[in-house]
Amino acid sequence: MSLTAIPRGDPATLAHRLGRAVRPACEPLPPVEDGAAFGACFDRYADARIVLLGEASHGSAEFYRARAAITRRLIAQYGYDIVAVEADWPDAARIDRYVRHRPADPHDEPAFTRFPAWMWRNEDVAAFVQWLHRHNRGLPPERRTEFRGLDVYSLRASIASVLAYLERVDPEAAAQARRRYGCLTPWQTEPAWYGRAVLRGERDPCEDEVHAQLRDILARRLEYAAQDGDDWFDAAQNARTILAAEQYYRSMFRGATESWNLRDRHMFETLQQVLRARGPDARAVVWAHNSHIGHAPATAMGWQGQFNIGELCRTAYGEAAVLIGFGTDRGTVAAADDWDEPMRVKDVLPSRADSYEQVFLQAGVPCALADLRKPANRAARQALLPPRLERAIGVVYRPDTEFHSHYFQAVLPDQFDGYVWYEQTRAVTPLAAPAPHGMPDTYPFAV
């Protein structure tokens, strides 16, 4: 994608002009506290197979609350039966057992306790989980909505889950699995070191061992699933995640594009596995960052060879996959200074004059939905087509280097089908630390 199409001139003047052009497409949204009215504004997307809901940061409460209101509406009114989130499978599996009223696994640990804990261990996610628990209570088991994790980082927890499952159903197979996974055991706390050791030739890769273990679990599906199909599916997906994690940590040292693509392909394939297991009529809502759910070919990451779950869903499902992005101008955000450092509440700088965020600020609607596929909004879409900067804040936010660390070029109306705008946002509120081990476990977050 050439950037020569970017309009020239004073950025502030251009943003103001584009804001006036976009304003007619910005439908004011009711307060999210009026969940039914807020969610109803998204009924137009309810015929999709997959609705992907983004976020411009991993730590802004408004994004979580909006996604929760939209998802509640899609579940309660339209029968969506899967919520799949940018989180690790074992952590989400604990939430899934709770919301679907299944027995807790005795080996469960508190969910979402490792960095970045606040991303899913916060008050807004907890409130949604409690709603889903109540919603499912009166439904037969086969109609209860699932809560699933899509990510690839759970090497240690996934190994523990597979071994615990096999100990229950097939102790002899568990001993074999323990020998195979022993190849990875020294690296479970720092799996990136495993990838570095393989790259340096200090050890052989473990791919053959973990692949053989996955094949064995899949080959014994009829035998194992006859005891409990849900437990077998959980173990099989953990085995898939171990294989993907082994490949991911080796790819980290071969370049960002390869590791990013491996991660997002795993997320897409996990979503596919969950949909297939649920049945041909299954429909899912996905919660992930804008950088994962937007159409990658409309962004600088796509121009550099990266793809994402949004692009893969668009390719597989066409218009039956709806991609909805989120944005904000300023406020506060929960984020760290660097990876694996403590969470802080940070001020979000006002958006740059040459950004899409500034265009929506100039549109003058503090909380809005822009339906970018609506025929009546064709003029606004055309106005937004020239590439502009877009901001992305992950679990790390560096205001001092914001331009280089958090802005990238994109073509927003090709990236998203709809765009939810909040002029000002505030940081999520993390939950308290988990209860000590052995305390009564009456809540999926053990608080």
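In which helix is the place of Leu-199? Leu-199 sits in α8, residues 191-199, with helices taken as DSSP runs of H or I of at least four residues and strands as E runs of at least two, numbered from the N terminus. The model is a predicted one, where local features need pLDDT of at least 70, side-chain atom pairs count only at pLDDT 80 or more, and totals for chains, interfaces and linings use all residues. Residues are numbered from 1 along each chain as its sequence is written, and side-chain values use heavy atoms, leaving out hydrogens and water.

Now for the aromatic rings. Rings of Phe, Tyr and Trp (the six-membered ring for Trp) pair if their centres lie within 6.5 Å, with planes under 30 degrees apart called stacked, over 60 edge-to-face and the rest tilted. That rule gives 18 aromatic pairs. One of them is the stacked pair of Trp-120 and Trp-287, at 6.3 Å centre to centre and 25° between the planes. Trp-120 belongs to the loop between α4 (89-99) and α5 (123-137) and Trp-287 to strand β5, so their pairing ties together parts 167 residues apart in sequence. Both turn up again in a cluster linked by ring pairs, along with Tyr-64, Phe-128 and Trp-131. Trp-120 is buried at 5% relative accessible area, and Trp-287 is buried at 1% (buried is under 20%, exposed over 50%, partly exposed in between; 1.4 Å probe, protein chains only).

His-289 is in the loop between β5 (284-287) and α13 (290-293), and it is buried too, at 4% relative accessibility. Beyond its neighbours within four places in sequence, His-289 has contacts (heavy atoms within 4.5 Å) that include Gly-54, His-58, Glu-86 and Gly-394.
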